[in-house]
Structure formats: structure tokens, C-alpha cells
Amino acid sequence: MRKLTADYVLPVVGEPVKEGVVVVNEQGTVQSVDARGNHDPTTLEVHKGAIVPGFVNTHCHLELSHMKGRVDTGTGLLPFLQQVVKFRDIPMEEILEAIDRADQEMYDAGIVAVGDISNKTDTAARKMESPIHYYTFVEMFDFLQDNMAGQTFDNYKKVFDGQAGSNGNQKTAVPHAPYTVSPSLFEKINALNPDAGVTVCIHNQETVHENQFFLSKEGGFVDFYEAFGFSVEQLEATGKPSIYYAMKHMNPDCRALFVHNTMTTAEDIQAAHEWSSKVYWATCANANLYIENRLPNYKAFIDNGARMTIGTDSLTSNWRLSVLEEIKTIVKYQSYVPFATLLQWATLNGAQALGYENHLGSIEPGKTPGLNLLNLSETLELEDATQVQRLV
């Protein structure tokens, strides 16, 4: 048994425990959470700061880790995507080494579970070895071309079969984004997944052009598609933002994780919550700043009871794979969001979004959440200098 104590224990479920003690066994399973006075001081591992649960990163592209520093910042989503597709001839050795480094970086940053986008099987071996729990989202897209849906699905089914769904890991097939998935491909994705009990994610409303595309069939995506030789004739303007197209074709009985949501409004949030009771939202603050130089309106999510989670996106669009750094960015630019709220987004909400809440996300007896130490002040305020140390 290990008995870890700090100035505070922040279990997420319940109030902070001043000078609390977390007792864990050799497997990291929490046995108890109580006061320091109940223990022999010589048996305690004493730390300064606050002990919190391990972090959950609900959105990452581990397979793109080799792209760090190769794509310009501040260009907007469409030029960003155009730059990304240029990097095709990267040696596999370099790709695999970058995947290994990024996985280790997330582990060292106190991350215990990751919702990871995969278009290939490059990450499969590392995920089987990693102590991190991976929920692999095998992402499919056919650029809205119904006639491509069958071949596209068959190609990505091979990726799906090659990604591990064992060793504590899970996997589902998911649509990339409303603007890249035809109704036919949505049907095939839904048929591959179980009818309920799983998580399906989708990139959502990341740029103003995405909403324009569906509202009036205007904006940058029209030119984007033409540049790649794809017709947009089959798309009909709906007069509604893109999330309504996604909801029309996704399964409301599965957990739905909408990612980025930079342009999502209170009305959109309300509509999603009416569509399904299993909706979660992932914010990737640093990636939003890296690509679009803007952040979502977090107040709209808070006011509408949205279950927000935190993702890092990939090293293509971020400087680090750190949930703590994401929290710091939100505190810096939208400081009205309380730290306690952000901690819940980073832990329990993320665990629930990935279906891992029975053993991750909060410090409770019977769970194996991982334990992180944050060098917070006595007032539990987050600072630029705050760091995370993995304890368990």
C-alpha cells in the first residue's frame, strides 16, 4: 500500500479534502480517501500542492506526431488542411519514433486515457504496449461523394480491423466531419458500430466556412472541393449549421462527442441536447488558437449544462500534448471558467465521454484513476508556473 498526501486532495466528486490522504494498492486502485490525522505520519508520502485524478485527453491524432512544427500557425482551417496533405513521403521509421515519443509525453503529462483519431494502423503497436487507455476512433471520409462510399468504407474497414480493441482499449468507426461524409458512408459507419454503449466522435463547426457550406452552399469549402476535383452538386443548402447534418445521420443512442465547436452557438448546443441525452463536447483550445486564432464561447456551453471535455488535438496543430496546458490556455483567455469546472472537464467528463468512468476520472475507492500532483497555491489557483507530476 502507498499513502499519498498533499495540501489538498481534489477528488472531483465531492469537496476538496485539506491535508487528505489517498491510499492505493500495488495496482493503483484507490482504497480510501481520508484525513492525514488518521494515519501514522511515518507511513505517508508527503507532497506540496494538490493531488488530482489522471487527465483524460478526449481528442488526439497520435499518428500525426511526426508533423510537429511542419504546418504554419494562424492560417485558418482550409489552408491548414491543404498544408497537411502535402506531407506524404515521411519515412515510416520517423513516424513510428514520433508516435512513441508522443505517447510517452502524454504519459509523463499525467494523461491516463486518450480518444485517438486513426486513419491508418501506424499507432496500433504502440497502443497495445502503452499504459495509457486508448479509445481509437477509426475515422472515415469520402468528401461527400456517395459513389465513393463503398470503396472508402472497405479501405477503412481494414484499418478498423488492424487497430486493437483489447488491452483495455476500445475502438469505433467514426465520421471525420459533416463536410466530408456522405449519407451513404454515414450509414455504413453506423452499421459497423454497436447500436449503443460506444462513443462516436466528429469534428464539428471548427470554422465559419463550415457553417456557410451548409447554410447557403457558399464560403471557402466550395473552392476547397473544386481544387481537389470533387463536385459539390450533390450538397443541398439546408439553411442550418453543419451540426444539424451530422445529427441527421449519426446514431443518437451512441455517445456523441462533438470536437472543436469553435463556431457552435447556444442554439446549436440546445438542439444537440434535444437530439440525444448522450452528447459530449471536446474543446482543443491550443489547436483552435494554432489554426483559427479563436476559441469557442465557453459561456454558452456552461449556461446550457454541456458536458465539456478537453483534448489536445495533434502535434500538427499544437505545441505540446498536455491537458494541463489546455487548461492554462482557457484560464488565460476565458478566466471566468472556474478551475474546479476545468478539472472536471479534464477528468470525470472525459472519462464519461469515453465510457471509462467506472475506473477513471475521479478519486474514489475501487477506481484506478491515476494520481497527479499539481503544485497549486494554498488558494488552489492555477498559475503559468503550475506543473504536473505523475504520482501513480
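Predicted model: local features only at pLDDT ≥ 70, side-chain atom pairs only at ≥ 80, totals over all residues.
Which residue follows H7, and is its phi positive or negative?

1. Helix H7 is followed by Gly229. The phi of Gly229 is positive, near 80 degrees.

2. Helix H7 itself spans residues 220–227. Its buried residues are Gly220, Phe221, Val222, Phe224 and Tyr225. These buried residues pack against two helices, namely H1 (77–84) and H6 (208–216).

3. A further point concerns Pro369, a residue of the loop that lies between helix H13 (339–353) and strand E16 (371–374). Pro369 counts as buried because its relative accessible area is 1%, and the cut-off for a buried residue is under 20%.

4. With neighbours within four places in sequence left aside, the contacts of Pro369 include Gly28, Val30, Pro53, Gly54 and Val112. Also in contact with Pro369 are His359, Leu360, Gly361, Ser362 and Ile363.

5. The largest cavity contains about 40 Å³ of space.

6. The lining of the largest cavity is formed by Asn190, Val200, Met250, Asn251, Cys254, Arg255 and Ala256. Sorted by class, this lining comprises 4 nonpolar, 2 polar and 1 charged residues.

Note on methods
Residues numbered from 1 in each chain as written. Heavy atoms only, no water. Buried < 20%, exposed > 50% of the residue type's maximum accessible area, 1.4 Å probe, protein only. Helix = DSSP H or I, 4+ residues; strand = E, 2+ residues; numbered from the N terminus. Contact = heavy atoms within 4.5 Å. 1 Å grid on protein atoms, 1.4 Å probe; cavity = no way out; pocket = protein on both sides within 12 Å on 5 of 7 lines; lining within 4 Å. Points joined across faces, edges and corners; volume = space filled by probe spheres on them. Nonpolar A, V, L, I, M, F, W, Y, C, P; charged D, E, K, R; others polar.
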